[in-house]
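Work through the exercises below with the sequence and the model open. Each one is followed by a solution in steps.

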Amino acid sequence: MRIDFDPAQLDRTAFYRLLTATVVPRPIAWVSTVSADGTDNLAPHSFFTIASVAPPVVQFTSVGRKDTLRNIEETGEFTVSLAPRHLMEQINVTGTDFPRGMSEFDAAGVEREPGLRVKAPRVADSPVALECETHSMLRIGDSTVVFGRVVHAVVDAAALVDGHPEITRLDPLSRLGKDEWGALGEVLELPRPRYADRTTGDGGGLTAGRAVRGRAPRPVPTAPGPCPVAPARAHRRPGPYPAGLSRPPGGTRPVPECRRSAGRGRGAGHRRAPVRTGAVRTGAR
């Protein structure tokens with residue numbers, strides 16, 4: 001059973017909480033800026049992603065008008081530092097609504113380092129920094145989407161493996177719902193298949209997701225189609241469980257038959273491997 005939520009029937013805060021609890025996990029842009037009078041600012045923004053590859057553009061959303069947005073409007077520059085787990089407390093503190101003119105770097109005890117192409121300082125202890133010049137801004141309702149062209153990037157050498165950033169060394173945080181934060185959990189590796197491989201009939205190297213340090217990959221079906229498990233009525237069992245459901249071993253909650261069959265012949269490869277994200281709670285906003 002699904003529950004319907006109509007944004008027209010809910011207030012702003014209620015639907016905001018629903019969105020932030022379901023659009024997860026969200027990477028955090030730890031955005032530093034400098035005001036026209038030279039005061040620096042640092043704040044986390046979890047509405048953040050890549051907007052373009054060529055030119056390289058990232059985007060984040062300012063909900064309401066905050067110092068970050070005002071400073072970018074005045075100077076046209078900002079820096080995005082990656083939010084690593086070991087700086088979680090400082091990241092959370094920089095989300096405080098300090099009065100304008102007060103530096104979050106100083107309030108949270110965050111060490112600065114100068115940027116190369118922009119005036120906005122980097123977070124010295126963050127493994128990645130993207131220096132940006134404003135590309136454009138888009139006002140949508142009570143929010144403003146800021147697009148920044150990346151003019152310089154810097155990555156800590158200790159976070160690189162064969163010249164590429166290694167996710168376990170970056171150890172990024174993410175935001176979830178309420179006061180929940182996500183930490184890096186199980187990392188899965190799954191090459192993207194090519195259509196040409198699907199037409200060869202031999203699987204073309206298609207594999208199911210596997211943990212980076214886990215077992216060897218499992219083969220998966222080479223062509224799209226319906227669930228390999230027979231229709232629910234073929235799995236009807238006696239007892240109080242609905243058709244297509246059965247009691248899991250050692251548990252009380254029924255699960256779909258197609259999930260029980262995954263990895264055991266008929267349903268092998270049907271269940272998609274999960275990406276696990278550890279949740280960390282904090283009492284502050």
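**Exercise 1.** In this predicted model, find which members of the largest nonpolar core touch the most other members, and list the elements that give two or more residues to this core.

Solution. Step 1: the largest nonpolar core has 17 residues, and F60, F78, V80 and L130 touch the most other members. Step 2: two or more residues each come from β2 (29–34), β5 (57–63), α2 (67–75), β6 (77–82), β9 (128–140) and β10 (143–155). Step 3: there is also a second, separate core of 13 residues, including L42, F105, V110 and V123.

**Exercise 2.** List the contacts of F78, leaving out residues up to four places away in sequence.

Solution. F78 touches V31, S32, T33, F60, I72, V118, A120, L130, E131, C132, V146 and G148.

**Exercise 3.** Which residues in α2 are buried, and what covers them?

Solution. Step 1: the buried residues in α2 are D67, T68, L69, N71 and I72. Step 2: their cover includes β2, β3 (40–45), β5, β6, β9 and β10. Step 3: just after α2, G76 has a positive phi of about 75°.

**Exercise 4.** Is G148 buried or exposed, and what is it in contact with?

Solution. Step 1: G148 lies in strand β10. Step 2: its relative accessible area is 0%, and buried means under 20%, so G148 is buried. Step 3: leaving aside neighbours within four places in sequence, G148 contacts P56, V57, V58, F78, C132, E133, T134 and H135.

How values were computed:
Residues are numbered from 1 along each chain as its sequence is written. This is a predicted model: local features need pLDDT of at least 70, side-chain atom pairs count only at pLDDT 80 or more; totals for chains, interfaces and linings use all residues. Side-chain values use heavy atoms; hydrogens and water are left out. A nonpolar core is a set of buried Ala, Val, Leu, Ile, Met, Phe, Trp, Tyr and Cys residues joined through side-chain atoms within 4.5 Å. Buried means under 20% relative accessible area, exposed over 50%, partly exposed in between (1.4 Å probe, protein chains only). Helices (H or I, at least four residues) and strands (E, at least two) are DSSP runs, numbered from the N terminus. Contact means heavy atoms within 4.5 Å.
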